[in-house]
Amino acid sequence: MQPLLAAIIMIVCIVLFFTEKVPILMVPLIGALLSGLTGLIPFSDVFADFASNTAILMISMSIVGAAMFQTGLAQKVAGVVTRIGGGSERSIILIAVLSSTVLSGIFNGTSTFVTLCPIITAMCVANKVPVSRVYFALSYGVIFGSLLTLIGSSMGPISSGVLEEAGYEPLGFFEPAMLGAPFAICGVIYLLTIGRKFLPDTNAMPEKMVGGKEAQNATPAKLKISAVVLIAIILTMVLQPENLPFFIIAAVGAVVLVLTGCLNTKQFLDAIPWQTIYILGGMSAVGNAIENSGAGEIFANAVVSVFGSFSSPIILLAVVYLTTTILTQFLSNSTSAIIMAPIALLISQAVGTSAEPFVIAAYAGSISSFCTPIATNVLTFIYEPGQYKWRH
């Protein structure tokens with residue numbers, strides 16, 4: 001009964017998102033409340049993800065991004081990049097997708113996105129390029145780069161851990177790149193050619209993302225402070241001393257920027273992407289309900305059982321990849337990987353073939369989160385400032 005309830009709640013949320021019959025902000029709240037009232041998750045967990053580590057990271061880095069814009073740092077960097085790479089739409093899309101692809105293989109994907117976003121936004125504003133078309137390219141670049149290294153996303157360590165616990169060799173640091181590099185190259189080429197024709201122009205204004213069009217706190221001292229804080233955040237995230245969490249690093253940087261006057265109180269509050277936090281928090285609760293009820297695993301097992309009679313490893317690999325890809329459009333990437341990686345391992349053992357390709361197929365499927373605003377954090381983040389609809 002519980003798996004059915006969880007599936008119904010997820011479907012109701014998806015229908016409400018698509019039809020927009022109720023305000024978008026209400027849909028995650030409805031989903032979270034239904035998950036609690038039906039007993040799928042404890043009441044204490046209904047709103048827990050509204051202040052999750054991911055939400056704090058997103059809020060903090062949004063504040064950092066707003067400070068970059070308000071002190072003129074984003075515009076300054078954007079001006080340099082524009083002079084080097086050009087200011088046409090094609091050039092900005094190329095810069096956005098290449099920089100996000102490369103950096104997200106090294107840093108956390110969310111951190112990469114919100115660090116680059118003010119710079120890319122400033123380039124769009126200066127050159128009158130629609131931000132909604134470029135945000136998609138920036139987001140997809142983060143997704144492409146997540147499969148370049150083992151630390152490009154949380155799904156890498158999860159998949160490697162499944163192999164290691166089963167007695168296999170863990171994945172190497174650059175091993176995902178064997179699949180991820182061709183994936184990224186093809187994705188970048190597609191975005192710059194055929195895919196560019198389908199990038200939407202929603203006439204969105206970027207004020208909400210960056211806190212205003214003009215740099216209101218642009219003094220040489222504050223520009224230097226914001227630059228130093230940004231560099232300190234990036235270096236600390238790379239080194240991660242004492243395994244200091246990313247959200248703590250970002251939060252410290254945000255506090256320093258406000259205390260030094262790089263942002264005033266109003267700009268601080270305006271920088272917080274409230275709609276993004278609502279969607280992330282509410283739909284995370286629904287995702288937890290799906291996971292706790294076993295609905296996701298039932299779906300995965302049902303799909304696999306239909307194709308289980310096939311002995312061809314290629315067909316089964318495709319089944320694992322496509323099943324995980326479908327799941328990750330409606331669950332978090334990590335939840336999809338947690339559900340499917342062990343199933344992929346069992347399938348490989350059943351057909352007597354190497355486990356690694358099957359686990360990597362599940363890993364790649366969990367990364368392939370292109371279709372819905374709740375598929376991955378970066379798409380959730382651009383949903384509000386880009387003024388997108390679900391059909392985009």
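Guide: Let's start with a term: buried means under 20% relative accessible area, exposed means over 50%, and partly exposed is in between (1.4 Å probe, protein chains only).

Visitor: Okay. What kind of model is this?

Guide: This is a predicted model, where local features need pLDDT of at least 70, side-chain atom pairs count only at pLDDT 80 or more, and totals for chains, interfaces and linings use all residues. Residues are numbered from 1 along each chain as its sequence is written, and side-chain values use heavy atoms, with hydrogens and water left out.

Visitor: And what's the mean pLDDT of the chain?

Guide: The mean is 83, and 94% of the residues reach 70 or more. pLDDT is the predictor's confidence in each residue, from 0 to 100.

Visitor: Where does pLDDT stay under 50?

Guide: Over residues 208–213. The model has 22 contacts there beyond four places in sequence, a contact being heavy atoms within 4.5 Å. Where pLDDT is low, the predicted coordinates should not be read in detail.

Visitor: Let's zoom out. How many helices and strands are in the chain?

Guide: There are 19 helices and zero strands. Those are DSSP runs numbered from the N terminus: helices are H or I with at least four residues, strands are E with at least two.

Visitor: What radius of gyration does the chain have?

Guide: The chain has 21 Å, which agrees with the value near 21 Å for a compact globule of 392 residues. That radius is taken over C-alpha atoms, and the globule rule is 2.2 Å times the number of residues to the power 0.38. Along the principal axes, the C-alpha atoms fill a box of roughly 65 × 45 × 45 Å.

Visitor: How much of the chain counts as buried?

Guide: 53% of the 392 residues. Also, take contacts between residues at least 6 apart in sequence: 80% of them join residues at least 24 apart.

Visitor: New topic! How many aromatic pairs does the count come to?

Guide: Ten. Rings of Phe, Tyr and Trp (its six-membered ring) pair if their centres lie within 6.5 Å; planes under 30 degrees apart count as stacked, over 60 as edge-to-face and the rest as tilted.

Visitor: Phe144 and Phe183 form a pair, so what type is it?

Guide: Edge-to-face, with 5.7 Å centre to centre and 90° between the planes. Phe144 lies in helix α7 (residues 131–145) and Phe183 in helix α9 (residues 177–192), so the pair ties together parts that are 39 residues apart in sequence.

Visitor: Is Phe144 buried or exposed?

Guide: Phe144 counts as buried, at 4% relative accessibility. Phe183 counts as partly exposed, because its relative accessibility is 24%.

Visitor: How do the rings of Phe183 and Phe370 sit?

Guide: Their centres are 6.2 Å apart and their planes are at 50°, so this pair is tilted. Phe370 is in the loop between α18 (355–367) and α19 (377–383), 187 residues from Phe183. The relative accessible area of Phe370 is 23%, so Phe370 is partly exposed.

Visitor: Which residues do ring pairs link into a cluster?

Guide: Phe136, Tyr140, Phe144, Phe183, Phe370 and Tyr388.

Visitor: What about salt bridges, how many are there?

Guide: Three. A salt bridge is a side-chain nitrogen of Lys or Arg within 4 Å of a carboxyl oxygen of Asp or Glu. In one of them, Glu89 meets Arg133 at 2.8 Å, N to O. Glu89 is in helix α5 (residues 89–104) and Arg133 is in helix α7, 44 residues apart.

Visitor: Is Glu89 buried or exposed?

Guide: Glu89 is buried, with a relative accessible area of 17%. Arg133 counts as buried too, at 13%. Glu89 also meets Arg196 in a salt bridge, 3.3 Å from N to O. Arg196 sits in the loop between α9 and α10 (207–210), so this pair ties together parts that are 107 residues apart in sequence. Glu89, Arg133 and Arg196 are linked in a network.

Visitor: Where do Lys266 and Asp270 lie?

Guide: In helix α13 (residues 265–270), four residues apart, about one turn of the helix. Lys266 is exposed at 59% relative accessible area, while Asp270 counts as partly exposed at 34%.

Visitor: Last one: what is Ser60 in contact with, beyond its neighbours within four places in sequence?

Guide: Phe247, Ala250, Ala251 and Ala254. Ser60 is in helix α3 (residues 53–70) and counts as buried at 5% relative accessibility.
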